[in-house]
Amino acid sequence: MNGFIAVHCGAGYHSDSLRKDYQRTCYLACRKAAEALVQGGTAVDAVEKAIIELENSPLTNAGFGSNLSWDGLVECDASIMNGQTLHFGACGAVSNVWNPITLAKQLCIKQCESLSLGRVPPCILTGQGAKTWAERMGLQIVEENNMISSRALRNYKHCKRKLKRYSVQNDLKFSPLDTVGAICVDANGVVASGASSGGVSLKHEGRVGQAASFGSGVWAAMSRDGLTPSIAACTSGCGEHLIRTQLAKNSAESLLESSPVIGLDKCLKEKFLESPFLWDIPERLGGTLALTFNPQVGEGELLWGHTTKTMCVGYMSTDTAKPKCVISYLPPKVESGRKAVVSGVPFKVNMQPAPVLQWEIKTEPHLNGSL
């Protein structure tokens with residue numbers, strides 16, 4: 001199957017010394033997603049494969065190598081949204097699941113099922129309950145310490161030492177590189193979006209960020225009439241800022257304006273930087289990766305925008321030989337958290353005949369002795 005995939009390694013600050021490493025990470029994630037599409041996978045499958053690659057990298061703050069909480073533990077958030085069914089699956093504060101994005105995908109898929117006794121399938125699970133559910137699904141469960149990378153441990157000890165010397169308010173700055181994400185459109189015109197995050201360093205135990213919050217970390221909606229474009233977005237930055245402003249949903253829907261570039265720029269300005277929900281925040285730190293796609297002609301636009309110093313992005317079509325990976329910068333002398341920069345590129349997808357959307361309802365067998 002043909003398609004187009006785009007990924008990001010966070011909106012924050014990417015050091016020049018690690019620039020090639022970040023770009024290579026995006027490169028590998030795009031290749032994994034493209035392989036999934038070529039082998040017949042859906043947009044949801046491709047998003048999962050891309051984010052698994054990002055989670056498995058010790059360079060990113062997602063899955064293995066995530067930032068550590070105040071108690072020195074990894075607690076991951078992740079989510080996936082299927083633009084065809086509009087179903088959403090997410091997990092939060094998960095410590096033992098090797099790839100949280102796979103847990104989120106399974107929760108998304110299970111939304112189509114009907115449980116016995118009128119029960120409703122969960123779309124968001126956290127903590128121990130998420131681990132138990134993942135075990136039942138056969139996902140890879142590991143010891144908590146296996147999720148901690150040497151890099152994350154060094155950063156944790158460094159932050160703890162700084163806290164002994166300085167106050168958090170005046171001297172300690174935490175990196176907003178708290179999320180990785182991916183968006184995809186396949187040859188059926190189906191769009192999907194996913195995100196995964198380890199959260200900010202030294203976060204409180206049980207904290208859930210935008211990567212597991214509906215409308216804040218991911219958004220995807222497929223064209224229903226063939227006339228309105230399909231849209232998808234995933235975000236990065238300071239989770240609390242993104243939750244308050246539901247940046248993923250607002251970013252995606254802003255692309256439906258006459259010009260997607262102007263729409264996204266306006267969204268970041270009016271619904272993020274000037275948002276009344278962030279009235280008490282001096283630095284509004286966020287970024288978004290989004291696409292709009294016209295299934296009638298098989299053409300779309302990929303866009304990214306951020307208020308942070310940098311944002312690392314990778315993208316490719318299954319028709320191209322290799323991904324393109326870039327690091328986007330705020331203009332020189334522009335203060336982060338106060339202005340946004342928006343960029344983008346067009347893309348094409350060789351379409352297959354439009355699929356017929358079928359709603360398959362499955363029912364669990366009743367338990368012995370139940371009505």
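**Entry 1: Pro295**

I started at Pro295, which is partly exposed with a relative accessible area of 22%. For the record, I call a residue buried under 20% relative accessible area, exposed over 50% and partly exposed in between, using a 1.4 Å probe and protein chains only. I am working on a predicted model, where local features need pLDDT of at least 70, side-chain atom pairs count only at pLDDT 80 or more, and totals for chains, interfaces and linings use all residues. Residues are numbered from 1 along each chain as its sequence is written, and side-chain values use heavy atoms, with hydrogens and water left out.

I found Pro295 in the loop between strand 10 (286-294) and strand 11 (299-306). My helices (H or I, at least four residues) and strands (E, at least two) are DSSP runs, numbered from the N terminus. Setting aside residues up to four places away in sequence, I see Pro295 touching Ser223, Gly226 and Met351; contact here means heavy atoms within 4.5 Å. I also noted Val349: Pro295 and Val349 are 54 residues apart in sequence, and their C-alpha atoms are 8.8 Å apart in space.

**Entry 2**

I count two strands as paired if DSSP finds at least two bridges between them.

Strand 8 and strand 9 (230-237) are joined by 4 bridges in the antiparallel sense, and I find Ala221 opposite Ile231 of strand 9.

I then turned to an open sheet of 8 strands, with mixed pairing and the order 5-3-2-7-6-1-12-13. Its edge strands are strand 5 and strand 13 (324-329), each pairing on one side only. The twist averages 10° from one strand to the next here.

At the strand 5 end I looked at the pairing with strand 3: the two run parallel and are joined by 3 bridges. Cys91 has Leu125 of strand 5 as its bridge partner. Helix 3 packs on this sheet, touching strand 2 (76-82), strand 3, strand 5 and strand 7 (191-197), with its direction at about 40° to that of strand 2. Helix 4 packs on the sheet too, touching strand 3 and strand 5, at about 110° to the direction of strand 5.

**Entry 2: helix 4**

Which residues of helix 4 (127-136) are buried? I list Ala130, Lys131, Trp133 and Ala134. They lie on the same side of helix 4, because they cover an arc of only 165° around the axis, the arc being that of the directions from the helix axis to the C-beta atoms. Their cover includes strand 3 (88-94), helix 3 (100-109) and strand 5 (124-126). On the face turned away from the buried side I find the exposed residues Gln128 and Arg136. Just after helix 4, Gly138 takes a positive phi of about 80°.

**Entry 3: Thr179 and the cysteines**

I looked up the UniProt record: its unreviewed entry lists Thr179 for "active site". UniProt positions are given in the numbering used here, feature names are shortened, and annotations may be inferred rather than shown by experiment. I place Thr179 in the loop between helix 5 (150-165) and strand 6 (180-186). Buried or exposed, is the question for Thr179? Thr179 is buried, at 1% relative accessibility. Beyond neighbours within four places in sequence, its contacts include His8, Cys9, Gly10, Thr235 and Ser236.

How many does the structure hold? I find 0. For Cys9, the nearest cysteine sulfur is that of Cys26, 3.5 Å away. Cys9 is buried, at 5% relative accessibility. Cys325 is in no disulfide, and its nearest cysteine sulfur, that of Cys26, is 5.4 Å away. Cys325 also counts as buried, at 16% relative accessibility.

Methods. Disulfide = S-S within 2.5 Å. Axes fitted to C-alpha atoms, helices over the stretch in contact; angles between N-to-C directions.
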